Amino acid sequence: MSLYKCPVCDETLELLQRSWRCVNNHHFDIAREGYVNLLLAHQKKSKQAGDNKMMIQSRRQFLNHHYYDTLPEKLSTLLKVYFSTDTFSLLDIGCGEGYYSDFIQKNLPECLMWGVDISKPAIIAAAKRYPNISFSVASSYRLPVNDQAVDVVTKIYAPAESNEIFRVLKPNGLYISVTPGKSHLFGLKKLIYDTPKEHDEAESVPVGFERLDQAVLCDTIEIDNNQDIANLLAMTPYFWQLSESRHQEIAALTALNTEISFIINIYRKTSGV
Ligand SMILES: C[S@@+](CC[C@H](N)C(=O)[O-])C[C@H]1O[C@@H](n2cnc3c(N)ncnc32)[C@H](O)[C@@H]1O
Ligand SMILES: [Zn+2]
């Protein structure tokens, strides 16, 4: 069965000559870059939904320099425990410009990867660079995905509601949530706030799931150039909270050491549909 459902009438979408179509003849064409836009105009809260082009480019350049690779490496290792040889589908929600989706897929050749993000610039960048992955513009709060259609959902630093994740997962499907650990980017926060606060790590087990595993990754990254520091700042929400003088101080920095920390929770869908 196809994974996508029609955002207008909820019927399954089938791919016919570069267009996803439902039985009621709603159709969504595959764009030149290879993605499909399944976000209806009224589902957008603003014209520019999700991360903007500047944030996407900064994230891509920063991730390209492998500062955060411990995260997708660990995710790949964990997934191999559950899916060693079997083909499985993975939906990466809030996938951004696709760095992690691609990293995981390359490590797990049996993985059929689908990426969803509400930001059109993110999905355009993702689709252009990673043609083997199916990308769509959509909201994680209203996924254009059939009930019980996917084996795994990953949600990496992205907003979502667990009810919707529950709906799209097959029985016993896995939900992998990645959130910041206490000290994530504390070195950067110290430059921004007079009294920086640690992240709140608490995440309760979502209804309908059981926790199978939790991994906490902690590391320090050493950034030795101004461009990467600027990219790191621009891909975080802190960018918008800086005063002009702090902006200038950080713009002049040529080195930064900062803690990074990721909390990975693996949940299994336990109950009903
Ligand atoms: C912090 S970024 C993380 C991107 C990627 N997972 C990564 O870790 O590199 C959060 C992403 O969530 C997306 N996003 C925000 N609201 C969303 C929504 N309602 N539905 C889907 N994606 C959303 C943003 O556009 C952005 O790409
Ligand atoms: Zn339809």
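This is a predicted model: local features need pLDDT of at least 70, side-chain atom pairs count only at pLDDT 80 or more; totals for chains, interfaces and linings use all residues.

**Stop one: the biggest opening**

Start by selecting α1, which gives the largest share of the lining of the largest pocket, 4 residues. Helices here are DSSP runs of H or I with at least four residues, strands are E runs of at least two, and both are numbered from the N terminus. Residues are numbered from 1 along each chain as its sequence is written, and side-chain values use heavy atoms, leaving out hydrogens and water.

Now pick D51, G94, Y157, A158 and P159: of the 49 lining residues, these are the closest to the centre of the largest pocket. Its volume is about 1100 Å³. A pocket is an open set of points on a 1 Å grid over the protein atoms alone, where a 1.4 Å probe fits, with protein on both sides within 12 Å along at least five of seven lines; lining residues have an atom within 4 Å of a point. The volume is the space filled by probe spheres set on the points.

Next, select K53, I56, Q57, R60, Q61, P121, I124, A125 and K128, which line the second largest pocket. This one has a volume of about 180 Å³. Here α1 turns up again with the largest share, 5 residues, and α4 (120–129) supplies at least two.

Methods. Chains are lettered from A and ligands numbered from 1 in the order in which they are written.
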